[in-house]
Amino acid sequence: MGIMKRILTVIVVAAAAAAGVWLLKGAPSPAPSATPLADDVFILDEPLPGAVVSSPLTIRGKARGTWFFEASFPVTLTNWDGLIIAQHYCMTAGEWMTTEFVGFECELEFTRPDGPGDGTNRGFLILHKDNPSGLPEHDDSREIMIHFE
């Protein structure tokens, strides 16, 4: 019985040490998703959720024409705490006055956020449906987590 207690103690100590190292170094960054963000209204081909990005960030995909107003929609890039670090518009060269999917592309320039803690290399890309009416029932957005290079 004494040997079993020692083995159990060694296992518990090793697990605690591994957990401590993991917490100090931070959780590993997840690999980008194998598939783009996609639903019946919006398809984001680039960047993939969880991607490591640098400036300028290329944003590419397709959205239903109802997502656009005057052939564009706003995009926002935030740090982990939600602080806006860049804003711009994605444009389409196609016919946006349709209910079909329309391709879009844009580049977003930003400065990599600095700060303390593990969260500094993560942020969010938020793609907003353009809503010139301002009515909340017409609001929509898609959000993915990204990692800054």
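A charge sits over a ring if NZ of Lys or CZ of Arg is within 6 Å of the ring centre and within 35 degrees of the ring normal. Select Arg122 and Trp80: the charged end of Arg122 lies over the Trp80 ring, 4.1 Å from its centre.

The model is predicted, so local features need pLDDT of at least 70 and side-chain atom pairs count only at pLDDT 80 or more, while totals for chains, interfaces and linings use all residues. Residues are numbered from 1 along each chain as its sequence is written, and side-chain values use heavy atoms, with hydrogens and water left out.

Next, select Thr76, in strand 5 (residues 72–79); strands are DSSP runs of E, at least two residues, numbered from the N terminus. Thr76 has a relative accessible area of 7% and is therefore buried (under 20% relative accessible area, 1.4 Å probe, protein chains only). Beyond four places in sequence, Thr76 is in contact (heavy atoms within 4.5 Å) with residues including Ile84, Phe124 and His128.

Now show the aromatic rings. The structure holds ten aromatic pairs (rings of Phe, Tyr and Trp, the latter by its six-membered ring, with centres within 6.5 Å; planes under 30 degrees apart are stacked, over 60 edge-to-face, the rest tilted). Phe42 and Phe73 form an edge-to-face pair, 6.0 Å centre to centre with 80° between the planes. This pair links distant parts of the chain, with Phe42 in strand 2 (residues 42–46) and Phe73 in strand 5, 31 residues apart. Both Phe42 and Phe73 are buried. To finish, select Phe42, Trp67, Phe68, Phe73 and Phe104, which ring pairs link into a cluster.

Conventions:
Helix = DSSP H or I, 4+ residues; strand = E, 2+ residues; numbered from the N terminus. Buried < 20%, exposed > 50% of the residue type's maximum accessible area, 1.4 Å probe, protein only.
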